[in-house]
Amino acid sequence: MKFIAALTFTLFLSFLCCINFTSAQQPMSNCRFARATWYPIHRVNGLPAGTCGFGPVADDMMPIFSQGFVSAPDDETYNGYPFLSGPLAIPTGKGLACGECFELAGPSGTITVVVADVCDKGCCSNCQGSLGNDVQDFDVESQVWSQLINLYANGQTTINYRKVACPVGTKKVSFFFSDEGSPNPWYFRLRVYNHRVGIKAVQVSGGANNAWVNLKRGWTNNFDWIDMGGVVFPFQVRVISILNQTITFSQKINSANDLVPLRRFVSNSQFSIPPAGFGGSSATKCVWAGPPRQIYTDTFGGIKGLYWKDWGSWSVTPNYASTTCPGTTRCISVASVSGNAGIQIGYATSFPQTMFRNLTLTVRTTVAGTTFSNFVIQWQNDGATSTSFKLPVITSTWRAFNIQLSRMPISGGRYRVLQIILNQSPQLLIDNIRLIA
């Protein structure tokens, strides 16, 4: 499981300059929606470790791993969801994503990571997963966070992601015997690493008459010979990818003396790069989709832990769940005020003003015959305030407004908090606040 829970504070980290993993790798799926959080991965002797068990060979891993470009997805993603059907179909198992790579797109850029750990919802409340929940989660290391998110989010943000082929460089598919227990002819455990694409199965030619036998797959990226009697020597190891390519290790395991804990074996091959269009993918990089378009329609828009929300108000206490809303289920009710007042609705991540073209909302007064002409909208982000926009006269009939965001420029070009400023207003109802791309 993930060893240290994700933290929820803004990190002031500089960009890593020595290696760049922002260039796109061969895609293996279409882009999907997810959430990212920051966490410090467990390390051994300064190198990444984690549930996937790569710690003992961290010094021999592909550069993307040794430089800390790693991730711990939620446990459903870690175990293969949502890639359990179609061209990525593989037998039910555990730790299926270990050693696979994903392209993540956030507010600050796009980057490739390798799965080395799991963000287990059993121990970490922020890791909710995707089955029966809102969205998938990716915990990422500090180098990833600084290049993917930078300073645009406080501890978590929405991202877009897809599975890609790993940038293995010159590395060949390898395996090592685990030191968990004492390897012997009746039990041994191995782990495969430096594979360009995911692993479907690991087999050894240790059955009767040197028949190939599947090793049993476990949650920590382990492949075990267990409860199958004594293995027949000599035997070889072969690895089958999710693309059904097979790599057989030429070096044989001749006797029990060769079952040495942490001993490494390197093949002469690497899995092929997936063909263009594999899994319905396109060559275009994933692009961050920004915050949820729905700011408020009956309730705040968003995903679990990343909703638009009340960012504080002054001189008035808005009711964000009012049921006295003619023609709609729920709305925002704002009591009448005698002076200057305002409400604020904000999001965890700032976003470029140019990401959206318009802001729409519907407004009305509550009493027939009353009007209001001091309804002002503006945006804020990190101390900067946009040009304000004053709505036309509001009446007791629901009226929809469509405001061009280009009329509300802001220093720095990023929005985060929507401010609605009221001055000597009657009671108002507000609903259907949306961003339009």
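Here is a short exchange on how some terms apply to this predicted model.

User: What should I know about the model first?
Analyst: The model is predicted, so local features need pLDDT of at least 70, side-chain atom pairs count only at pLDDT 80 or more, and totals for chains, interfaces and linings use all residues. Residues are numbered from 1 along each chain as its sequence is written, and side-chain values use heavy atoms, with hydrogens and water left out.

User: Why are strands β1 and β8 called paired?
Analyst: Strands pair if DSSP finds at least two bridges between them. β1 (residues 32-38) and β8 (residues 156-164) share six bridges, in the antiparallel sense. Therefore they pair. In this pairing, R32 stands opposite Y161 in β8.

User: Why are F175 and F249 called an edge-to-face pair?
Analyst: Rings of Phe, Tyr and Trp (its six-membered ring) pair if their centres lie within 6.5 Å; planes under 30 degrees apart count as stacked, over 60 as edge-to-face and the rest as tilted. F175 and F249 lie 4.8 Å apart, centre to centre, with 85° between the planes.

User: What makes F175 and F249 buried?
Analyst: Buried means under 20% relative accessible area, exposed over 50%, partly exposed in between (1.4 Å probe, protein chains only). F175 has 1%, and F249 has 2%. Both therefore count as buried.

User: How do you know that R238 sits over the ring of W212?
Analyst: The rule asks for NZ of Lys or CZ of Arg within 6 Å of the ring centre and within 35 degrees of the ring normal. R238 lies over the face of W212, at 4.1 Å from the ring centre.

Key
Helix = DSSP H or I, 4+ residues; strand = E, 2+ residues; numbered from the N terminus.
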